[in-house]
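Me: Can you go through this structure with me? I have the chain open and would like to start with the packing.

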Amino acid sequence: MAINDTCACSAQDEAAVRAALESFEHTRTNLIPILHEIQDRTGRITGWAMEQVADALKMPLAEVWGTATFYTMFDIEGAAKHIVRVCDSPPCHITGSAAVLKAVEEELGIKPGEVTQDGMFGLEEVACLGLCGVAPVMLIDREVFGNLTPEMVPGIIAKFREEG
Ligand code: FES
(Lines give C-alpha, C1' and ligand atoms only; values in the text may rest on other atoms or scores of the structure.)
Protein backbone atom coordinates (compact mmCIF):
# COMPACT_ATOMS: atom_id res chain seq x y z
CA MET A 1 0.00 0.00 0.00
CA ALA A 2 1.28 3.42 -0.88
CA ILE A 3 2.42 5.64 1.90
CA ASN A 4 1.34 9.25 1.69
CA ASP A 5 4.00 11.84 2.26
CA THR A 6 1.55 14.54 3.15
CA CYS A 7 -1.17 14.65 5.72
CA ALA A 8 -4.73 15.81 5.13
CA CYS A 9 -4.73 16.91 8.77
CA SER A 10 -3.33 20.16 10.14
CA ALA A 11 0.37 20.94 9.99
CA GLN A 12 0.32 20.84 13.77
CA ASP A 13 -1.06 17.29 13.83
CA GLU A 14 1.39 16.23 11.15
CA ALA A 15 4.30 17.55 13.20
CA ALA A 16 2.90 15.84 16.32
CA VAL A 17 2.74 12.46 14.57
CA ARG A 18 6.29 12.85 13.30
CA ALA A 19 7.47 13.86 16.79
CA ALA A 20 5.69 10.86 18.33
CA LEU A 21 7.46 8.56 15.90
CA GLU A 22 10.80 10.14 16.72
CA SER A 23 10.24 9.49 20.44
CA PHE A 24 10.55 5.73 20.05
CA GLU A 25 12.85 3.23 18.47
CA HIS A 26 11.14 1.89 15.36
CA THR A 27 10.55 -1.68 16.46
CA ARG A 28 7.31 -3.62 16.28
CA THR A 29 7.24 -3.96 20.04
CA ASN A 30 6.85 -0.20 20.22
CA LEU A 31 3.69 -0.21 18.12
CA ILE A 32 1.29 0.27 21.03
CA PRO A 33 3.41 2.92 22.84
CA ILE A 34 3.71 4.84 19.56
CA LEU A 35 -0.04 4.71 18.98
CA HIS A 36 -0.55 5.94 22.55
CA GLU A 37 1.88 8.77 21.98
CA ILE A 38 0.14 9.83 18.78
CA GLN A 39 -3.22 9.74 20.48
CA ASP A 40 -1.93 11.75 23.42
CA ARG A 41 -0.43 14.39 21.16
CA THR A 42 -3.28 14.72 18.65
CA GLY A 43 -6.32 13.27 20.43
CA ARG A 44 -6.90 10.68 17.69
CA ILE A 45 -5.26 8.29 15.28
CA THR A 46 -5.95 9.09 11.66
CA GLY A 47 -5.45 6.80 8.69
CA TRP A 48 -2.53 8.95 7.62
CA ALA A 49 -0.93 8.56 11.04
CA MET A 50 -1.34 4.79 10.80
CA GLU A 51 0.37 4.82 7.41
CA GLN A 52 3.31 6.71 8.89
CA VAL A 53 3.57 4.17 11.70
CA ALA A 54 3.39 1.21 9.31
CA ASP A 55 6.09 2.76 7.14
CA ALA A 56 8.39 3.56 10.07
CA LEU A 57 8.00 0.14 11.70
CA LYS A 58 8.14 -1.65 8.36
CA MET A 59 4.98 -3.57 9.05
CA PRO A 60 1.76 -4.06 7.10
CA LEU A 61 -0.70 -1.20 7.35
CA ALA A 62 -3.44 -3.75 7.97
CA GLU A 63 -1.65 -4.85 11.13
CA VAL A 64 -1.43 -1.29 12.43
CA TRP A 65 -5.11 -0.76 11.62
CA GLY A 66 -5.93 -4.04 13.33
CA THR A 67 -4.14 -3.04 16.50
CA ALA A 68 -5.50 0.49 16.61
CA THR A 69 -9.07 -0.63 16.08
CA PHE A 70 -8.89 -3.78 18.21
CA TYR A 71 -7.82 -2.02 21.35
CA THR A 72 -10.72 0.16 22.36
CA MET A 73 -8.22 2.23 24.32
CA PHE A 74 -7.39 3.98 21.06
CA ASP A 75 -10.03 6.52 20.27
CA ILE A 76 -9.70 6.68 16.54
CA GLU A 77 -12.53 9.13 16.10
CA GLY A 78 -12.33 11.68 18.60
CA ALA A 79 -10.90 13.93 21.02
CA ALA A 80 -10.80 14.45 24.71
CA LYS A 81 -7.95 16.11 26.44
CA HIS A 82 -7.55 13.26 28.92
CA ILE A 83 -8.57 9.67 28.24
CA VAL A 84 -9.53 7.66 31.33
CA ARG A 85 -9.30 3.91 30.76
CA VAL A 86 -10.66 1.58 33.41
CA CYS A 87 -9.71 -2.08 33.07
CA ASP A 88 -12.48 -4.61 33.51
CA SER A 89 -10.76 -7.90 32.72
CA PRO A 90 -11.22 -10.63 35.37
CA PRO A 91 -8.28 -9.85 37.72
CA CYS A 92 -9.38 -6.21 37.90
CA HIS A 93 -13.05 -7.16 38.02
CA ILE A 94 -12.70 -9.43 41.03
CA THR A 95 -10.74 -6.78 42.92
CA GLY A 96 -13.44 -4.17 42.46
CA SER A 97 -13.13 -2.48 39.07
CA ALA A 98 -16.91 -2.18 38.69
CA ALA A 99 -17.10 0.04 41.77
CA VAL A 100 -14.12 2.06 40.52
CA LEU A 101 -15.77 2.53 37.12
CA LYS A 102 -18.99 3.62 38.81
CA ALA A 103 -17.06 6.20 40.83
CA VAL A 104 -15.41 7.51 37.66
CA GLU A 105 -18.77 7.68 35.89
CA GLU A 106 -20.24 9.65 38.77
CA GLU A 107 -17.26 11.96 39.00
CA LEU A 108 -17.25 12.76 35.29
CA GLY A 109 -20.97 12.44 34.61
CA ILE A 110 -20.38 10.24 31.58
CA LYS A 111 -20.47 6.56 30.61
CA PRO A 112 -17.77 4.58 28.77
CA GLY A 113 -17.53 5.71 25.16
CA GLU A 114 -18.51 9.28 26.04
CA VAL A 115 -16.64 12.56 26.38
CA THR A 116 -17.44 15.27 28.90
CA GLN A 117 -19.12 18.37 27.48
CA ASP A 118 -16.04 20.49 28.00
CA GLY A 119 -13.96 17.95 26.07
CA MET A 120 -11.69 17.50 29.06
CA PHE A 121 -12.24 13.78 29.70
CA GLY A 122 -13.13 10.74 27.66
CA LEU A 123 -13.97 7.46 29.40
CA GLU A 124 -13.31 3.96 28.14
CA GLU A 125 -13.69 0.53 29.66
CA VAL A 126 -10.82 -1.59 28.41
CA ALA A 127 -9.42 -5.09 28.56
CA CYS A 128 -6.30 -6.02 30.52
CA LEU A 129 -3.67 -3.32 30.51
CA GLY A 130 -0.98 -5.76 31.61
CA LEU A 131 -0.87 -4.27 35.09
CA CYS A 132 -2.85 -6.95 36.95
CA GLY A 133 -0.32 -6.96 39.81
CA VAL A 134 -1.82 -3.70 41.02
CA ALA A 135 -5.47 -4.43 40.15
CA PRO A 136 -7.86 -2.74 39.95
CA VAL A 137 -6.21 -0.38 37.54
CA MET A 138 -7.00 2.66 35.50
CA LEU A 139 -4.87 4.62 33.12
CA ILE A 140 -5.29 8.34 32.59
CA ASP A 141 -3.41 9.24 29.45
CA ARG A 142 -0.23 7.28 30.21
CA GLU A 143 -0.25 7.57 33.98
CA VAL A 144 -1.09 4.37 35.86
CA PHE A 145 -3.28 4.31 38.96
CA GLY A 146 -3.35 0.95 40.71
CA ASN A 147 -4.76 -0.68 43.84
CA LEU A 148 -7.70 1.63 43.35
CA THR A 149 -10.69 2.12 45.56
CA PRO A 150 -13.74 4.18 44.59
CA GLU A 151 -12.78 6.69 47.29
CA MET A 152 -9.50 7.48 45.49
CA VAL A 153 -11.20 8.46 42.24
CA PRO A 154 -12.36 12.05 42.99
CA GLY A 155 -8.89 13.13 44.12
CA ILE A 156 -7.23 11.65 41.05
CA ILE A 157 -9.69 13.29 38.67
CA ALA A 158 -9.35 16.60 40.53
CA LYS A 159 -5.61 16.58 39.91
CA PHE A 160 -6.18 16.36 36.15
CA ARG A 161 -8.89 19.04 36.29
CA GLU A 162 -6.48 21.39 38.05
CA GLU A 163 -3.77 20.74 35.49
CA GLY A 164 -6.27 21.52 32.73
S1 FES B 1 -6.83 -7.39 34.38
FE2 FES B 1 -6.75 -5.29 34.71
S3 FES B 1 -4.70 -4.84 34.27
FE4 FES B 1 -4.82 -6.93 33.85
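Me: Which residues is Val137 in contact with, leaving aside its neighbours within four places in sequence?
Reply: In this predicted model, Val137 is in contact with Cys87, Cys92, Leu129, Leu131, Val144, Phe145, Gly146 and Leu148, once neighbours within four places in sequence are set aside.

Me: And which residues of the largest nonpolar core touch the most other members?
Reply: Val137 is one of them, along with Val84, Val86, Cys87, Val100, Val104 and Met138. The core has 21 residues.

Me: Which elements give two or more residues to that core?
Reply: They are β1 (82-87), α6 (97-108), β2 (121-126) and β3 (138-140). The most comes from α6, with five residues.

Me: What does the second core include?
Reply: Val17, Met50, Val53 and Ala68 are among its twelve residues, and this core is separate. As background, nonpolar side chains in soluble globular proteins tend to be buried together.

Me: What share of the chain is buried?
Reply: Buried residues account for 28% of the 164 residues.

Me: Back to α6. At what angle does it pack with α7?
Reply: The angle between α6 and α7 is about 45°, and their axes are 9 Å apart. The two helices are therefore oblique to each other. The crossing of α6 and α7 is right-handed.

Me: Which residues of α6 and α7 meet there?
Reply: From α6 there are Val100, Ala103, Val104, Glu107 and Leu108, and from α7 there are Val153, Pro154 and Ile157. By class, that contact has seven nonpolar residues, no polar ones and one charged. Val100 and Val104 are also among the residues that touch the most other members of the largest core.

Me: Which residues make the contact?
Reply: α1 contributes Asp13, Ala16, Val17, Ala19, Ala20 and Leu21, while α2 contributes Ile34, Glu37, Ile38, Arg41 and Thr42. These divide into seven nonpolar, one polar and three charged. Val17 also belongs to the second core.

Me: Which residues other than glycine have a positive phi?
Reply: Lys58 has a phi of about 50°, and the phi of Asn147 is near 50°. For context, most residues other than glycine have a negative phi, and most peptide bonds are trans.

Me: Where do they lie, and are they buried or exposed?
Reply: Lys58 is in the loop between α3 (47-57) and α4 (61-70). Lys58 is exposed, because 9 other C-beta atoms lie within 10 Å and 12 or fewer counts as exposed. Asn147 is in the loop between β4 (143-145) and α7 (153-163). Asn147 counts as exposed too, with 12 C-beta neighbours inside 10 Å.

Me: Last thing. How many helices and strands are there, and in what order do they run?
Reply: There are seven helices and four strands. From the N terminus on, the order is α-α-α-α-β-α-α-β-β-β-α.

Conventions
Residues numbered from 1 in each chain as written. Predicted model: local features only at pLDDT ≥ 70, side-chain atom pairs only at ≥ 80, totals over all residues. Core = buried A, V, L, I, M, F, W, Y, C linked by C-beta atoms within 7 Å. Buried ≥ 20, exposed ≤ 12 C-beta atoms within 10 Å, placed from the backbone. Contact = placed C-beta atoms within 7 Å. Nonpolar A, V, L, I, M, F, W, Y, C, P; charged D, E, K, R; others polar. Axes fitted to C-alpha atoms, helices over the stretch in contact; angles between N-to-C directions. Parallel < 35°, antiparallel > 145°, perpendicular 65-115°, else oblique. Left-handed = near helix turned anticlockwise from the far one by under 90°.
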